[in-house]
Amino acid sequence: MSAVPGAVVDSFAAGLSGDLLAPEHPEFAESTLIWNAMIQKRPALVVRPSTTSDVARTVDFARQQGLELSIKGGGHNIAGLALSDGGITLDMSRVNTVEVDVLRGIARVGPGCKLGDVDRATQQHGLATTLGFVSETGVAGLTLGGGFGYLTRQFGWTTDDLVEVEIVTADGEVRRASREVTDDLFWALRGGGGNFGVVTEFVFRLHQIGPEVTAGLIAWSAEEAEGVLDLYRTITATASREMTSVVLMRNAPPAPWLPADKHGQPMIAMVVVHCGSPEQAAADLAPIINHGHPWADLIELKSYVAQQSMLDATQPKGMHYYWKSEFLAELSDELLATVRSQFDGLAAPANQIVLFQIEGALGEHDEDDGAVGNRDAAYACVIAALSPGPEAAAANREWVRLAWEAVKPFSTGGNYINFQTEDEVTARIGDSYRGNIERLARVKASYDPTNLFRVNRNIAPISGQG
Ligand SMILES: Cc1cc2nc3c(=O)[nH]c(=O)nc-3n(C[C@H](O)[C@H](O)[C@H](O)COP(=O)(O)OP(=O)(O)OC[C@H]3O[C@@H](n4cnc5c(N)ncnc54)[C@H](O)[C@@H]3O)c2cc1C
């Protein structure tokens with residue numbers, strides 16, 4: 001960056017309607033703050049665009065000056081892919097409007113939106129699109145990597161509801177990509193991450209959801225884990241798609257809804273969301289609510305928006321995080337026994353093993369309907385560690401790696417690109433995209449031949465450019 005003359009930077013800045021932030025700017029620190037404190041990267045400059053032409057200008061500038069360019073949506077990527085180290089970071093946070101077109105059943109969403117921004121706007125009309133479980137996550141990164149959440153069983157990957165995008169590609173051109181226009185680019189954007197340009201608008205299809213759903217969490221002692229996991233397998237085998245459940249094993253947090261003598265004790269919990277009628281939900285959830293001896297039962301009729309942020313407090317910004325994930329086709333006896341035995345060795349209070357049911361609509365598409373693939377996935381298994389500082393990070397990482405190695409033999413062979421950590425390399429990217437990787441590499445070579453967009457799960461080394 002120091003090789004770029006100051007006058008060139010000044011002239012670039014003068015043409016922006018948004019902001020150029022140097023490290024001494026009072027808002028630089030906030031602009032470069034990301035969720036995972038384990039990642040230490042610092043861009044030389046931040047551009048905070050307010051228009052698509054600001055984005056195009058920044059893409060041209062980075063390309064012409066040979067600078068590394070990164071894109072920050074919500075800054076939630078665990079590998080810290082929002083930030084450039086020494087180059088330019090495009091902080092999209094100011095491009096954050098949501099326009100709901102009720103008649104057409106779509107929402108136009110700015111790339112700086114968090115999931116909660118979209119849910120709050122669409123739920124005013126009783127509508128929603130499939131977004132994830134923590135409302136502070138960025139819509140952009142989640143969508144471009146595939147995206148799943150409580151509505152996945154009904155509607156598929158988030159990218160299955162993506163109908164159109166506006167994007168600035170490496171040549172600085174502003175393009176619209178959709179199923180109708182520029183087929184290959186749109187196909188690649190449905191899972192291929194930030195490899196193809198800077199998305200400046202997402203258009204999502206919406207569905208009628210809520211605004212109230214029957215949802216919440218129910219928790220038991222880990223001593224009941226065998227029975228609860230068995231119940232989870234039975235329930236998820238037959239549950240209607242209006243019901244999604246997630247099972248998680250961790251030590252009980254010091255939460256007011258748990259009796260004080262349970263705090264810190266090994267716990268197994270189910271998070272459930274039922275979008276059907278309250279009567280149907282009561283019938284479908286009865287086997288869960290009546291199971292064993294719950295420590296707490298927080299399942300109730302509540303707003304969908306409230307449910308979408310229920311887990312936020314468990315994933316605070318600024319901790320040291322390390323995860324690994326695999327997709328699973330089924331919950332075999334062996335897999336459940338493995339999960340239980342890894343749970344017994346939990347290294348730290350907040351570490352956890354999570355199983356999300358995602359089976360349903362996503363499996364009704366062809367494997368190559370969008371780059372995301374993995375349409376044989378019935379569950380996502382995530383093994384996650386967090387600690388307040390770096391001290392416990394090495395031990396946590398070791399625990400995650402060992403637990404992941406034990407679970408890996410049960411994988412479909414696929415893993416979620418958006419859950420990959422900084423140290424996961426090219427082979428894991430190939431494992432994520434599986435049969436779609438070669439087409440993805442061709443689209444990358446065609447739209448970004450010089451690999452300008454490389455701060456991501458980068459396809460270029462696979463296409464031979466890297
Ligand atoms: C607490 C937590 C909970 C999560 N829960 C879920 C979940 O329920 N479901 C799920 O599917 N995922 C989930 N994720 C994973 C999440 O999808 C990824 O972390 C995703 O990368 C976050 O997007 P972001 O915009 O916040 O990321 P950022 O860190 O800002 O960016 C991540 C990547 O996206 C690219 N990118 C961002 N904006 C753009 C843009 N405008 N144009 C082109 N590329 C862009 C960047 O280049 C970068 O490579 C969760 C993550 C966290 C941390």
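Colleague: How many aromatic pairs does a search of the whole structure find?

Modeller: Bear in mind that this is a predicted model, where local features need pLDDT of at least 70, side-chain atom pairs count only at pLDDT 80 or more, and totals for chains, interfaces and linings use all residues. Numbering runs from 1 along each chain as its sequence is written, and side-chain values use heavy atoms, with hydrogens and water left out. Rings of Phe, Tyr and Trp (its six-membered ring) pair if their centres lie within 6.5 Å; planes under 30 degrees apart are stacked, over 60 edge-to-face and the rest tilted. On that basis the search gives 17.

Colleague: What kind of pair do Phe 12 and Phe 61 form?

Modeller: Their centres are 4.1 Å apart, with 0° between the planes. Phe 12 belongs to helix α1 (residues 6–14) and Phe 61 to helix α3 (residues 52–65), so the pair links parts 49 residues apart in sequence; helices here are DSSP runs of H or I, at least four residues, and strands are runs of E, at least two, numbered from the N terminus. Both residues are buried, i.e. under 20% relative accessible area with a 1.4 Å probe and protein chains only, where over 50% is exposed and in between is partly exposed. The pair is stacked.

Colleague: And which geometry do Phe 133 and Phe 148 have?

Modeller: Phe 133 sits in the loop between β7 (127–128) and α5 (139–144), and Phe 148 in the loop between α5 and α6 (152–155), so they tie together parts 15 residues apart in sequence. Their ring centres are 5.9 Å apart and the planes are at 70°, so it's edge-to-face.

Colleague: Which ring does the charged end of Arg 397 sit over?

Modeller: The test wants NZ of Lys or CZ of Arg within 6 Å of the ring centre and within 35 degrees of the ring normal. For Arg 397 the distance is 5.2 Å, and the ring is that of Tyr 322.

Colleague: Within what arc do the buried residues of α12 fall?

Modeller: Those residues are Ala 393, Asn 396, Trp 399, Val 400, Ala 403, Trp 404 and Val 407. Taking directions from the helix axis to the C-beta atoms, they line one face of α12, because the arc is 125°.

Colleague: What are the exposed residues on the face of α11 turned away from its buried side?

Modeller: The buried ones are Leu 335, Leu 336, Thr 338, Val 339, Gln 342 and Phe 343. They share one side of α11, because their arc is only 160°. The face turned away carries Asp 333 and Asp 344.
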